[in-house]
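Student: I'd like a close look at the sheet in this one. Could you walk me through how the strands pair and what packs against them?

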Amino acid sequence: MTTETYTVTGMTCGHCAASVTEEISDIAGVEDVAVVVETGAVTVTSTAPLDESAVRAAVEEAGYTLV
């Protein structure tokens, strides 16, 4: 298992967190996504290291920006 924490900007509420969680969860190998809206921290646990470009694309699909 691998855990990585990213910073996402633009999230302001639970709906934002749910959108980001849904998109990142669709990446192959992702086991868990934890979002802290107040800080923008998104912690992703996966079975193997993830390609940051895949995470970036998922976050952008949800309408936010990976910093």
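Tutor: Here is a walk through the sheet, strand by strand, and then the parts around it.

Some ground rules come before the details. The model is predicted, so to speak of a local feature I need pLDDT of at least 70, side-chain atom pairs count only at pLDDT 80 or more, and totals for chains, interfaces and linings use all residues. Residue numbers start from 1 along each chain as its sequence is written, and side-chain values use heavy atoms, with hydrogens and water left out.

The chain has two helices and four strands, in the order β-α-β-β-α-β from the N terminus. Helices (H or I, at least four residues) and strands (E, at least two) are DSSP runs, numbered from the N terminus.

Now the sheet itself. It is open, with its four strands in the order E2-E3-E1-E4 and antiparallel pairing. Two strands count as paired if DSSP finds at least two bridges between them. Strands E2 (30-36) and E4 (65-66) sit at the edges, each pairing on one side only.

E2 and E3 (residues 41-46) are antiparallel and share six bridges. Within that pairing, Ala 34 has Thr 43 of E3 as its bridge partner, and Val 36 has Ala 41 of E3. The two strands make a hairpin with four residues between them, and Gly 40 in the turn has a positive phi of about 80°.

E1 and E3 run antiparallel and are joined by six bridges; Thr 2, for one, has Ser 46 of E3 as its bridge partner. Five of the six residues of E3 are buried, so E3 is largely enclosed by the rest of the structure. Buried here means under 20% relative accessible area, exposed means over 50%, and partly exposed is in between (1.4 Å probe, protein chains only).

What about the helices? Helix H2 (residues 52-61) has Val 55, Ala 58 and Val 59 as its buried residues. They cover an arc of only 100° around the axis, which puts them on the same side of H2. That arc is the one made by the directions from the helix axis to the C-beta atoms.

After H2 comes Gly 63, with a positive phi near 100°. Ala 62 is in the loop between H2 and E4, and Ala 62 is buried, with a relative accessible area of 17%. Leaving aside neighbours within four places in sequence, Ala 62 is in contact with Ser 19, Val 20 and Glu 23.

Finally, the chain as a whole. Buried residues make up 36% of its 67 residues. Of the contacts with a separation of 6 or more, 60% are between residues 24 or more positions apart. The C-alpha trace spans about 30 × 20 × 20 Å along its principal axes. The chain exposes about 3,700 Å², and carbon and sulfur atoms supply 48% of that; the accessible areas come from the Shrake-Rupley method with a 1.4 Å probe, and for residues only the protein chains shown count as cover.

Conventions
Contact means heavy atoms within 4.5 Å.
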